[in-house]
Amino acid sequence: MKCDVLTLDNKKAGSIDLADGVFGSEVRKDIISRMVNWQLARRRSGNHKTKNVSEIKGTTAKPWNQKGTGRARAGTVRATQFRGGSTVFGPIVRDHGHKLPRKVRQMAMRSALSSKQADGKLIILEEATLDAPKTKDLAAKLSALGWSNVLIVTGAEVDGNLARAAANIANVDVLPQQGANVYDIIRRDTLVLTKGAAEHLQERLS
């Protein structure tokens with residue numbers, strides 16, 4: 001499919017052929033959902049922790065006789081039913097990540113890109129660079145283009161001026177081409193790819 005190429009000054013700079021297999025595939029919301037869950041699970045630190053009986057400081061003596069007191073039997077005051085005792089089946093430090101096949105991850109990426117293309121929210125830029133790290137200048141360019149909630153995927157390296165200017169603008173993310181991912185694509189309204197990033201993604205997902 002043919003797609004126009006724009007500049008940050010909102011001028012046309014030619015066109016590009018996008019692969020139908022990458023930008024025009026079937027949009028699978030279920031696969032996108034699995035991918036987002038996989039990404040967010042891997043981001044979780046998993047450092048929540050409660051103490052079990054062996055980790056709580058306190059006496060190891062039996063609090064009262066087994067029989068004859070009329071009370072329920074107890075072996076330690078560190079048990080769960082006592083104040084200051086342990087927690088039953090509490091969280092432990094662990095990795096929340098789980099496996100997701102590579103083919104499913106690639107399918108999710110194709111679905112996310114195709115979704116933006118189908119909604120008319122995919123823009124191809126000639127290049128994503130700025131002459132100076134001025135937030136005001138970038139904000140003016142984005143406003144003229146109508147981009148208020150946008151993810152900009154650049155080439156192999158992010159332009160330093162663009163990164164510094166975009167850091168002060170809410171709902172504007174900038175990523176290198178190798179960092180493009182389903183979660184960040186879906187959470188922003190508009191997806192902007194440079195020509196280099198589009199070619200990289202086509203090669204990566206074909």
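Residues are numbered from 1 along each chain as its sequence is written, and side-chain values use heavy atoms, with hydrogens and water left out. Because the model is predicted, local features need pLDDT of at least 70 and side-chain atom pairs count only at pLDDT 80 or more, whereas totals for chains, interfaces and linings use all residues.

With a salt bridge defined as a side-chain nitrogen of Lys or Arg within 4 Å of a carboxyl oxygen of Asp or Glu, the count comes to nine salt bridges. One of them joins the side chains of aspartate 4 and lysine 12, with an N to O distance of 3.5 Å. Accessibility is expressed here as relative accessible area (buried under 20%, exposed over 50%, partly exposed in between; 1.4 Å probe, protein chains only). On this scale aspartate 4 counts as partly exposed at 42%, and lysine 12 counts as exposed at 60%.

A salt bridge is also formed by aspartate 9 and lysine 141, whose closest N and O atoms are 2.6 Å apart. This pair links distant parts of the chain, 132 residues apart, with aspartate 9 in the loop between β1 (2-6) and β2 (12-17) and lysine 141 in helix α4 (residues 135-145); helices (H or I, at least four residues) and strands (E, at least two) are DSSP runs, numbered from the N terminus. Both partners fall in the partly exposed class, aspartate 9 with a relative accessible area of 48% and lysine 141 with 23%.

The side chains of lysine 121 and aspartate 189 likewise meet in a salt bridge, at 2.9 Å from N to O. Here, too, distant parts of the chain are linked, since lysine 121 lies in the loop between α3 (102-118) and β3 (122-125) and aspartate 189 in the loop between α6 (182-187) and β6 (190-194), 68 residues apart. Lysine 121 is partly exposed at 29%, as is aspartate 189 at 37%.

When neighbours within four places in sequence are left aside, arginine 110 is in contact (heavy atoms within 4.5 Å) with Gly21, Val22, Ser25 and Leu205.
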